[in-house]
Amino acid sequence: MPSPFPGMDPWLERPMVFPDVHHRLITYLKAAIFAALPPGYTVSTADRMWMNIEPDVIVVGPDPAPGDGAHLAATMSAAGLLAIKADEVLSDPIEEPYLAIVSGEGDRLVTAVEVLSLANKRAEDRGRTSYRHKQSEYRLSNVNVVEIDLLRGGPHTTAVPLARLRAVAPNCDYHISVMVAGSPRHYFVAPIKLTDRLPHVPIPLDPGVEPVTIDLQAVFDRCYDESGFARRVKYTAKQQPEPSLTPEQQAWAEGLLRAKGLLP
């Protein structure tokens with residue numbers, strides 16, 4: 001069963017669902033890109049890795065009254081316990097995949113294709129910090145960068161400056177940003193509204209080599225169909241998109257779902 005939406009399905013942005021969408025899109029994008037690449041290039045899945053800082057042990061209880069912390073510390077000391085400041089610990093390594101198009105001669109990185117994840121778009125998340133560092137590395141290394149942002153929530157994260165994006169596409173819900181190697185201040189953007197079909201995406205290679213074009217909607221449709229999201233996603237009043245839709249978007253979405261028999 002195909003997605004009931006013409007393009008991105010906002011119900012798939014939910015935190016319990018999107019991580020699987022992210023991984024599946026990477027898988028099917030890789031297959032589509034590989035099929036389109038000219039001789040001399042190949043595409044592989046690479047991993048970006050980081051670790052979050054977490055407390056070693058968390059004790060949950062009622063909120064203390066003002067001043068209780070100092071009183072409790074004094075009580076502990078009076079009982080003969082030694083005061084030791086607790087250290088935070090690092091989580092297990094977190095891996096996030098992206099696609100690397102390389103030249104067959106010497107495995108030179110030519111183009112990085114990124115599908116933004118929830119961690120990339122959470123302020124103060126180490127996944128976002130790691131991603132932003134990688135963006136800078138791409139720019140300094142003369143690597144083409146294609147970024148696919150299918151998440152409405154979170155701060156702006158793709159390489160194109162937000163002011164420039166808003167100047168040409170003030171009301172887009174999603175977008176694709178392309179930064180061409182050697183032109184770090186020149187961006188190409190495909191703005192996408194919730195009501196739009198996902199576009200064809202040109203993926204640049206080396207100078208003098210024609211970009212390969214990927215039908216992102218076809219990739220998304222395969223992801224939705226073959227990953228069983230029709231069974232997993234519940235289009236109900238109790239399970240709404242996250243973040244919420246605007247009233248106009250909600251009315252449009254509910255009308256679409258009712259027309260397809262997915263809402264009463």
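Two residues are in contact when they have heavy atoms within 4.5 Å. The exercises below apply to a predicted model.

**Exercise 1.** Determine how helix H1 and helix H5 are oriented to each other, and which residues meet between them.

*Solution.* 
Step 1. Helix H1 covers residues 18-36 and helix H5 covers residues 216-226. The two helices pack at an angle of about 125°, and their axes lie 9 Å apart.

Step 2. Angles of 65 to 115 degrees count as roughly perpendicular, and those over 145 as roughly antiparallel.

Step 3. On the side of H1, the contact consists of Val21, Arg24, Leu25, Tyr28, Leu29, Ala31 and Ala32. On the side of H5, these residues meet Leu216, Val219, Phe220, Arg222, Cys223 and Glu226.

Step 4. Sorting the residues of this contact gives ten nonpolar, no polar and three charged.

**Exercise 2.** Describe the largest cavity by its volume and by its lining.

*Solution.* 
Step 1. The structure contains one cavity of 30 Å³ or more. The space in the largest cavity amounts to about 30 Å³.

Step 2. The lining is formed by Leu29, Val113, Val146, Ile148, Val201, Ile203, Ile214 and Leu216. Leu29 and Leu216 also belong to the contact of H1 with H5.

Step 3. Strand E6 (144-149) and strand E9 (200-203) each contribute at least two residues to this lining.

Step 4. By class, the lining has eight nonpolar residues, no polar and no charged.

**Exercise 3.** Locate Pro243 and Asn142, and state the backbone feature recorded for each.

*Solution.* 
Step 1. Pro243 sits in the loop between helix H6 (229-232) and helix H7 (247-259). The peptide bond leading from Glu242 to Pro243 is cis, and its omega is near 0°.

Step 2. Asn142 is part of the loop between helix H3 (126-140) and E6. Although Asn142 is not a glycine, its phi is positive, at about 60°.

Definitions and conventions
Residues are numbered from 1 along each chain as its sequence is written. This is a predicted model: local features need pLDDT of at least 70, side-chain atom pairs count only at pLDDT 80 or more; totals for chains, interfaces and linings use all residues. Side-chain values use heavy atoms; hydrogens and water are left out. Axes are lines fitted to C-alpha atoms, for helices over the stretch in contact, and angles run from 0 to 180 degrees between N-to-C directions. Helices (H or I, at least four residues) and strands (E, at least two) are DSSP runs, numbered from the N terminus. Angles under 35 degrees count as roughly parallel, over 145 as roughly antiparallel, 65 to 115 as roughly perpendicular and the rest as oblique. Ala, Val, Leu, Ile, Met, Phe, Trp, Tyr, Cys and Pro count as nonpolar, Asp, Glu, Lys and Arg as charged, and the others, Gly among them, as polar. On a 1 Å grid over the protein atoms alone, a cavity is a set of points where a 1.4 Å probe fits but cannot get out, and a pocket is an open set with protein on both sides within 12 Å along at least five of seven lines; lining residues have an atom within 4 Å of a point. Grid points are joined across faces, edges and corners, and a volume is the space filled by probe spheres set on the points.
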